[in-house]
Amino acid sequence: MTAMFSHQIEVRSHLDFQLNEVPKFWFGNNPYATRLFDSISMLFPVGERFFISSIRPYRAQIQDPALAEAVADFCKQEGQHGIQHTLYNDLLIQQGTPTAEIIDKFSERLEEIKKSAPLEMHLATTAALEHMTALMAEAMFSRPEIMANAHPNMRALLAWHAIEEMEHRAVAFDVLTKVVKTSYRKRVLAMTMVVPRFWRDALVHTDQMLKADGFSRLERLNMARKTLPLFFGRKGILTAVSNEFFQYYRRDFHPNDIPVLKHYPRWLSAFETSGDPIYASQQMYAN
């Protein structure tokens, strides 16, 4: 039985994360960890435009009014994510990182995929990545110590994004399985193809950014050796959600089978009271 998520998808706009106050190496002054997060964040605007474009062709086929409304709100939320991460990308460019070049190449590759792959696989890719990003949100904010060393403003940006991933994580999957009625094989094929490429690109882009920061090849290798276990080690941030990740390969899987982030109600209450995402993020950590 799927545990339905009881909260509506809410579009939150005109947010101010005061990103100009975020230092260059905002994750505990750890250059490698910071740039790994940055390598993922920088592609969100392009990736989220792809997500929206993958779901748009099927909107006219949706008969369920609730799902139709969820799709509309999904697109609006993703649009807001793109706006905020673009603002951060502007700061990365000012720092001298090759952000613009990386985004351009990534955009070119997405255009090639859109031309060569069937529309159904575009949506299957979106559903797969929505599952992964929702689990990344869980991984980052399930325990206070994980993001404790992050700058409060950047942590607030990622917390807001994480909260909204929780709200809309089932939308693309529901369109894929209930409207398009994609086969199990195609659904898991998309996941199997996209996730290794995602992390390979993230690691390559991390190295490119650190090179632009002035670190030598040896320094970058040493930083990777010391920092990657934080993410992928036996007790790593992402390793902790590996069981939930592989649930996607169950035939009867649904995203709402996975419990929502336990701090969601606390963030939501604080944001509804204050309208301030930085304050709401701080309240996730309050005793």
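Is Asp257 buried, partly exposed or exposed? Asp257 counts as partly exposed because its relative accessibility is 23%, where buried means under 20% relative accessible area, exposed means over 50%, and partly exposed lies in between (1.4 Å probe, protein chains only).

The structure is a predicted model, in which local features need pLDDT of at least 70 and side-chain atom pairs count only at pLDDT 80 or more, while totals for chains, interfaces and linings use all residues. Residues are numbered from 1 along each chain as its sequence is written, and side-chain values use heavy atoms, with hydrogens and water left out.

**Salt bridges**

A search of the whole structure finds 16 salt bridges, each being a side-chain nitrogen of Lys or Arg within 4 Å of a carboxyl oxygen of Asp or Glu.

| Asp201, 9%, buried | Arg109, 23%, partly exposed | 2.3 Å |

The salt bridge between Asp201 and Arg109 links distant parts of the chain, since Asp201 lies in helix H8 and Arg109 in helix H4, 92 residues apart. Helices here are DSSP runs (H or I, at least four residues), numbered from the N terminus. Elsewhere, Glu10, Arg12, Glu164 and Glu167 are linked in a network of salt bridges.

**The largest pocket**

The largest pocket holds about 650 Å³ of space. On a 1 Å grid over the protein atoms alone, a pocket is an open set of points where a 1.4 Å probe fits, with protein on both sides within 12 Å along at least five of seven lines, and lining residues have an atom within 4 Å of a point. Grid points are joined across faces, edges and corners, and the volume is the space filled by probe spheres set on the points.

Of the 28 residues that line this pocket, the closest to its centre are Leu110, Ile113, Thr125, Leu129 and Val194. At least two lining residues come from each of helix H1 (31-41), helix H2 (44-55), helix H4 (99-116), helix H5 (119-141), helix H6 (152-168) and helix H8 (184-212), and H8 gives the most, with seven residues. By class, the lining has 16 nonpolar, six polar and six charged residues, where Ala, Val, Leu, Ile, Met, Phe, Trp, Tyr, Cys and Pro count as nonpolar, Asp, Glu, Lys and Arg as charged, and the others, Gly among them, as polar.

Helix H7 (residues 171-179) is mostly covered, with seven of its nine residues buried, namely Val171, Ala172, Phe173, Asp174, Val175, Leu176 and Val179. The cover over these buried residues includes H2, helix H3 (65-94), H5, H6 and H8. Just after H7, Lys181 takes a positive phi of about 55 degrees.

Ala172 is also one of the residues touched by Thr126, which is found in helix H5. Thr126 counts as buried because its relative accessible area is 0%. Leaving aside residues up to four places away in sequence, Thr126 touches Phe50, Phe51, Ser54, Phe74 and Ala172, contact meaning heavy atoms within 4.5 Å. With Ser54, the side chain of Thr126 makes a polar contact to the side chain at 2.7 Å, a polar contact being a pair of N or O atoms within 3.5 Å, of which, within protein, one must be able to donate a hydrogen and the other to accept it, and residues adjacent in sequence count only if both atoms are side-chain atoms.
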